[in-house]
Amino acid sequence: MIVLEGKAVFEGIAIGKLSVYKKTEQSVKREKVSDVEAEIKRYEDARAAAVEQLQALHDKAVKEVGEASAEIFEAHQLMVEDGDYIDSVENIIRTQEVNAEFAVAETGDNFQKMFLEMEDEYFRGRAADVKDISERVINILSGAGSSGIESDEPVIVVADDLAPSETVQMDKDKILSFVTVHGSANSHTSILAKTMNIPAIINCDIPLTDEMDGREAVVDGFEGKVYIDPDAEVLAAKKKILLQEQEKKALLQQLKGKENVTLDGQKINLYANIGNTKDLALVLENDAGGIGLFRSEFIYLGSEDYPTEEEQFAIYKQVAQTMAGKKVIIRTLDIGADKQADYFELPHEENPAMGLRAIRICLTRPEIFKTQLRAILRASAFGKISIMFPMIISVDEVKKIKEIVAGVKAELDKDGLAYDKNIELGIMIETPAAVMMAEELAQEVDFFSVGTNDLTQYTLAIDRQNQSLDEFYDPHHPGLLKMLKLIVDGAHKGGAWAGICGELGSDLTLTKEFLAMGYDELSVSPGRILPLRKVVLETNVIEYKKEKGLD
Ligand code: PEP
Ligand code: MG
């Protein structure tokens with residue numbers, strides 16, 4: 001039995017087999033071949049396998065995200081079979097007498113360059129697709145397989161670190177737990193683990209070798225340990241805890257359908273955070289009162305190119321309809337910093353967390369922003385949608401945003417398209433500047449939602465992605481708690497309601513404090529709704545305030 005230690009970012013026990021997550025990137029070597037025709041046959045076979053893979057991905061995507069988003073895989077199939085592309089690969093193999101991998105890589109590069117030089121924006125956008133299909137064929141040729149999890153049963157995913165764009169592609173039903181060598185407690189891998197309600201351990205020195213693949217293991221998210229090939233004693237002990245946890249969860253199920261009201265009658269809304277439509281099942285299962293944060297940037301991260309208005313509309317409409325009249329707060333794209341999509345071609349920055357990100361991209365590239373706003377507004381005709389803007393620093397910014405929203409509404413009126421004329425607009429409070437301007441900002445919007453993940457990073461001057469600073473990243477810092485009180489007071493004075501959607505919102509040790517501060521809403525990972533409800537039901541706010549000597 002091998003015991004490894006790391007930092008637990010979500011509690012729980014997982015028992016299953018390890019699966020080492022494989023990254024696709026690999027270098028291609030130029031090699032001479034003697035049998036050119038055999039090499040061409042190898043390429044033909046790989047092409048056929050690629051088309052098959054793409055068909056399977058298409059069918060999966062249709063089921064999970066709908067026809068519109070699945071179209072990309074059809075387009076990729078056509079590219080794999082494109083006559084010019086095939087001629088080029090075969091020509092390189094024949095004339096240079098080289099291996100198929102090299103010929104595909106060369107062709108991929110050439111076609112990519114050709115597309116990038118085109119005037120038409122649509123064709124320029126195809127460059128990323130060519131890269132993608134070329135990589136797929138190379139992976140098949142070299143037997144590397146596709147990136148991701150290759151198992152039929154649920155597994156413990158072991159990786160170096162996982163980028164948000166990688167996690168969106170994962171089949172969530174197959175994941176029991178995450179164990180990563182790197183990553184920080186506030187990274188999106190941790191957030192994903194919380195959303196899925198599965199244990200996760202980061203900073204764990206686990207070897208990422210083939211030899212690890214398929215070995216039995218236990219992940220203990222309470223003590224931050226991974227047991228590989230656990231002995232009978234450990235296995236029995238952990239199974240017992242797993243059973244107790246399952247019983248606790250079953251008890252929480254009895255809280256479904258209950259109102260979120262304290263013993264002295266104070267009510268609070270408990271909403272869920274989601275990253276895509278697949279999370280909706282968890283939202284309903286955990287009895288969330290609405291969606292307090294839909295991280296819409298995951299739609300962009302899961303695409304090869306800017307998602308169109310129609311693609312986005314289909315997704316927002318599905319969320320609104322599924323929630324059947326319950327509030328759905330869609331945050332406009334919060335791309336940049338740790339959430340990068342190549343086709344945005346964002347400039348390299350020394351300090352991306354303080355760079356061109358989120359609303360700054362929207363305000364400097366209004367066409368992208370307007371496409372998203374049109375899609376959200378149109379979807380608002382099918383449910384109760386609110387729009388929320390991230391990374392706000394000033395009243396001026398909010399005024400500019402409102403002008404753009406008014407312009408988009410006017411366009412929709414002209415086009416005769418329906419939308420909710422009274423749609424609520426809100427902002428995230430994630431910067432100290434916004435905290436200081438809370439009252440003035442509240443006069444401009446309907447609601448606030450505090451992004452404590454970023455607010456902590458910007459207040460403490462600690463990069464939330466930097467794992468070596470985890471010991472300094474203190475979300476309970478008294479300065480931050482004072483800010484949280486300033487925010488809710490400012491909101492109420494300015495006529496807005498206030499919630500928290502950062503990770504701190506689900507910290508059960510602070511729930512009473514948030515109730516005492518007067519927060520109207522907490523939006524948390526779906527799996528945290530019922531534990532939070534339990535604390536709310538057991539709290540007497542008046543007593544708590546007396547105890548703490550609060551007003
Ligand atoms: C936050 O910053 O607290 C937040 C909710 O947004 P994200 O984690 O997506 O940056
Ligand atoms: Mg944020």
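**View 1. Helix α18, mostly tucked away.** Eight of the nine residues of α18 are buried, so this helix is largely enclosed by the rest of the structure. Buried here means under 20% relative accessible area with a 1.4 Å probe, protein chains only. The buried set is T452, N453, D454, L455, T456, Q457, Y458 and L460. Just after α18, A461 takes a positive phi of about 55°. Helices are DSSP runs of H or I with at least four residues, strands are E runs of at least two, and both are numbered from the N terminus.

This is a predicted model, with local features needing pLDDT of at least 70 and side-chain atom pairs counting only at pLDDT 80 or more. Residues are numbered from 1 along each chain as its sequence is written, and ligands from 1 in the order in which they are written.

View 2. E430 (OE) and D454 (OD) coordinate the ion at 2.0 Å. Donors are N, O and S atoms within 2.8 Å of the metal (3.2 Å for Na, K and Ca); water is not among the atoms, so the site may look incomplete. E430 sits in the loop between β13 (424–429) and α16 (432–436), while D454 belongs to α18 (residues 452–460), 24 residues apart. Both E430 and D454 are buried.

**View 3. Helices α4 and α6 side by side.** The axes of α4 (residues 100–116) and α6 (residues 127–141) come within 8 Å and cross at roughly 175°. Axes are lines fitted to C-alpha atoms over the stretch in contact, with angles from 0 to 180 degrees between N-to-C directions. The two helices are therefore roughly antiparallel, the label for angles over 145 degrees. Among the residues in contact (heavy atoms within 4.5 Å) are F111 and F115 of α4 and V137 and I138 of α6.

Notes. Heavy atoms only, no water. Parallel < 35°, antiparallel > 145°, perpendicular 65-115°, else oblique. Buried < 20%, exposed > 50% of the residue type's maximum accessible area, 1.4 Å probe, protein only.
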